[in-house]
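Hi,

Here is the structure I promised to pass on. Please have a look at it first, and then read on for what turned up.

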Amino acid sequence: MTTAEKTLAASIRAIHDYPKPGIIFRDITTLLGDAKAFRQAVDELVRPYQDLAIDQIAGIEARGFILGGAMAHQLSAGFVPIRKKGKLPHTTVSVAYSLEYGVDEMEMHVDAVQPGEKVILCDDLIATGGTAEGAVKLLRQIGAEVVSACFVIDLPELGGRRKLEALGVEVRTLVSFDGH
Ligand code: AMP
């Protein structure tokens, strides 16, 4: 790990056995509350995209809203919320996605992205990749060009990166942790 990665990793709190036994919850509220770490994370997330004329950042509810909003501002791009079913007021498109146990649905406004717009997907963490895979499908359904997907945290043992790469989406992450 580089010094920069160590600083970021140290700003993320690990909560053992949350929300259930065996899971280590990677809590980014400590990163967000640390002005230097928050700035560092957003700067690193946007760096490769600065000159790509990105139209929209799509953030996954809820932590992807915080990081994605900051990224959108920094890139002078728009922001598109991808939300859990039933939260968005206008006409939506929806997709089912797999969770550890069972499936859920996520939605986006049908007119949130114009066909051909360049979009970056953003969330705090990629684990199995089921959530991000659903989001990519949703964005493509309305004609977005998903240029890349970025996350602060990768849990490589769970294989999410490979799942997105198999869809032809470049994946970028800032820090990796072992285990679940
Ligand atoms: P997945 O669909 O398995 O890639 O899970 C990713 C989504 O679940 C992201 O929105 C994460 O915020 C959340 N998530 C999954 N595992 C963890 C974890 N160990 N700590 C914090 N958030 C997690």
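The buried residues of α3 are covered by several elements, including α1 (3-10), α2 (29-32), α4 (63-75), β8 (145-154) and β9 (171-176). Those buried residues are Ala 37, Gln 40, Ala 41, Val 42, Glu 44, Leu 45 and Val 46. The helix itself takes in residues 35-46, twelve residues, and its first and last C-alpha atoms are 17 Å apart, close to the 16 Å expected at 1.5 Å a residue. Do bear in mind throughout that this is a predicted model.

Another helix to look at is α5. Its end C-alpha atoms are 17 Å apart, which agrees with the 16 Å that its twelve residues should span at 1.5 Å a residue. In α5, the buried residues are Gly 130, Ala 132, Glu 133, Gly 134, Ala 135, Val 136, Leu 138 and Leu 139. Which residues does Glu 133 touch, leaving aside its neighbours within four places in sequence? They are Lys 163, Leu 164 and Leu 167. After α5 comes Gly 143, which has a positive phi, near 90 degrees.

Helix α5 also brings us to the largest pocket, as α5 (130-141) is one of the elements that give two or more residues to its lining; the others are β2 (24-27), β4 (78-84), β5 (92-98) and β7 (118-126). The largest share, four residues, comes from β7. This pocket has a volume of about 1,000 Å³. Its lining is made up of 34 residues, and those nearest the centre are Arg 63, Leu 99, Leu 125, Ala 127 and Thr 131. Sorted by class, the lining has 19 nonpolar, six polar and nine charged residues.

Now for the aromatic rings. How many aromatic pairs does the structure hold? There are two. One is formed by Tyr 18 and Phe 25, an edge-to-face pair with 5.3 Å from centre to centre and 90 degrees between the planes. Tyr 18 has a relative accessible area of 47%, so it is partly exposed, and Phe 25, at 22%, is partly exposed too.

The rings of Phe 65 and Phe 79 make a pair as well: their centres are 5.9 Å apart and their planes stand at 85 degrees, so this pair is edge-to-face. It links distant parts of the chain, with Phe 65 in helix α4 and Phe 79 in strand β4, 14 residues apart.

Finally, a look at Lys 87, which is found in the loop between β4 and β5. Lys 87 is partly exposed, with a relative accessible area of 47%. Leaving aside neighbours within four places in sequence, Lys 87 is in contact with Glu 61 and Glu 107. Of these, Glu 61 is 26 residues from Lys 87 in sequence, and the two are 10 Å apart in space, C-alpha to C-alpha.

Over to you, and happy viewing!

Best wishes

Key
Residues are numbered from 1 along each chain as its sequence is written. This is a predicted model: local features need pLDDT of at least 70, side-chain atom pairs count only at pLDDT 80 or more; totals for chains, interfaces and linings use all residues. Side-chain values use heavy atoms; hydrogens and water are left out. On a 1 Å grid over the protein atoms alone, a cavity is a set of points where a 1.4 Å probe fits but cannot get out, and a pocket is an open set with protein on both sides within 12 Å along at least five of seven lines; lining residues have an atom within 4 Å of a point. Grid points are joined across faces, edges and corners, and a volume is the space filled by probe spheres set on the points. Ala, Val, Leu, Ile, Met, Phe, Trp, Tyr, Cys and Pro count as nonpolar, Asp, Glu, Lys and Arg as charged, and the others, Gly among them, as polar. The expected span of a helix is 1.5 Å times one less than its number of residues. Buried means under 20% relative accessible area, exposed over 50%, partly exposed in between (1.4 Å probe, protein chains only). Contact means heavy atoms within 4.5 Å. Rings of Phe, Tyr and Trp (its six-membered ring) pair if their centres lie within 6.5 Å; planes under 30 degrees apart count as stacked, over 60 as edge-to-face and the rest as tilted.
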